[in-house]
Amino acid sequence: MNANPALLSSPHSDVLSPAALSSSSSSPEEATRRLLDEIKRRAKACVMTKDWYWADKLYARGIELLEGVEDDDNGGGDSNKKEELAILHSNRSLTLFHLTQLSQSQIEAQTAIDLNPDYVKAYWRLGQCSAALGDWDGALEAYEKAVEIDSRDDGEGGGKMVKALQKEVEKCKVKVEQERLLIMEGKFDDEAAAIGSASDGAGGGTNNRKKSVSTTTAA
């Protein structure tokens, strides 16, 4: 990780600096794990205070660190690492969503799903991004998948998000039907269909469109 003056002068320079690991007297594995835990703690605190910029920087650094950690040899290390990476990518999707970097947020959500196909929050994030970009079919698919996964979790705490997700499903169904009717009436032109394609960075696709409910809780 190259030194960045802005990062080095930040309130989190002690964990974002490339020297954070080299200054530790612990073994490389122990130092990385300790630094990763501290980064996750601070990132979650930033999310709670809606400090999205630094939350994003911290999660990005956490992903970088975790990707460099070797898998355990006990047979379960790879699975655990993928699940942990999925959480970090999903959380970064949340921060990018609030920074209106919608396309990148969508990529992070999809990466989390690729790492853990049963991770409900990742589908929630993907649904949010897709809806904000005007991709109501994609949003509906993501939300319906989240409902399916959360509904089959009968364990303690399972199904907590089902009601909220079902509300998003119904909203998306209405939007999909509205677009279908507009197309049939010949009122849905190419420009309308392309809304949101240039929204990344400036948040252009979100200003005139009601966003889906946004969860602001990091895993």
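Modeller: A salt bridge is a side-chain nitrogen of Lys or Arg within 4 Å of a carboxyl oxygen of Asp or Glu. This is a predicted model, in which local features need pLDDT of at least 70 and side-chain atom pairs count only at pLDDT 80 or more, while totals for chains, interfaces and linings use all residues. Residues are numbered from 1 along each chain as its sequence is written, and side-chain values use heavy atoms, with hydrogens and water left out.

Biologist: Why is the contact between aspartate 118 and arginine 152 called a salt bridge?

Modeller: The closest N and O atoms of aspartate 118 and arginine 152 are 2.7 Å apart, and because the rule asks for a nitrogen within 4 Å of a carboxyl oxygen, the pair qualifies. Aspartate 118 lies in the loop between helix H7 (102-115) and helix H8 (120-132), and arginine 152 in the loop between H9 and helix H10 (162-184), so the pair ties together parts that are 34 residues apart in sequence. Helices here are DSSP runs of H or I with at least four residues, numbered from the N terminus.

Biologist: What makes aspartate 118 partly exposed?

Modeller: Buried means under 20% relative accessible area, exposed means over 50%, and partly exposed is in between, with a 1.4 Å probe and protein chains only. Aspartate 118 has a relative accessible area of 46%, and therefore counts as partly exposed; arginine 152, at 45%, is partly exposed by that rule.

Biologist: How do you know that arginine 33 and glutamate 84 meet in a salt bridge?

Modeller: Their side chains come to 2.9 Å, N to O, which lies within 4 Å and therefore meets the definition. The pair links distant parts of the chain, with arginine 33 in helix H4 (residues 28-48) and glutamate 84 in helix H6 (residues 77-98), 51 residues apart.

Biologist: Is glutamate 84 buried or exposed?

Modeller: Glutamate 84 has 15% relative accessibility, and because this is under 20%, glutamate 84 counts as buried. Arginine 33, at 32%, counts as partly exposed.

Biologist: What links glutamate 38 and arginine 42?

Modeller: Their side chains meet in a salt bridge at 2.7 Å, N to O, and both residues lie in helix H4, four residues apart, about one turn of the helix. Glutamate 38 and arginine 42 also belong, with Asp14 and Arg41, to a network of salt bridges.

Biologist: How many disulfides does a search of the whole structure find?

Modeller: The search finds zero disulfides, a disulfide being a pair of cysteine sulfur atoms within 2.5 Å. Cysteine 46, at 6% relative accessible area, is buried, and cysteine 172, at 2%, is buried too.

Note on methods: Helix = DSSP H or I, 4+ residues; strand = E, 2+ residues; numbered from the N terminus.
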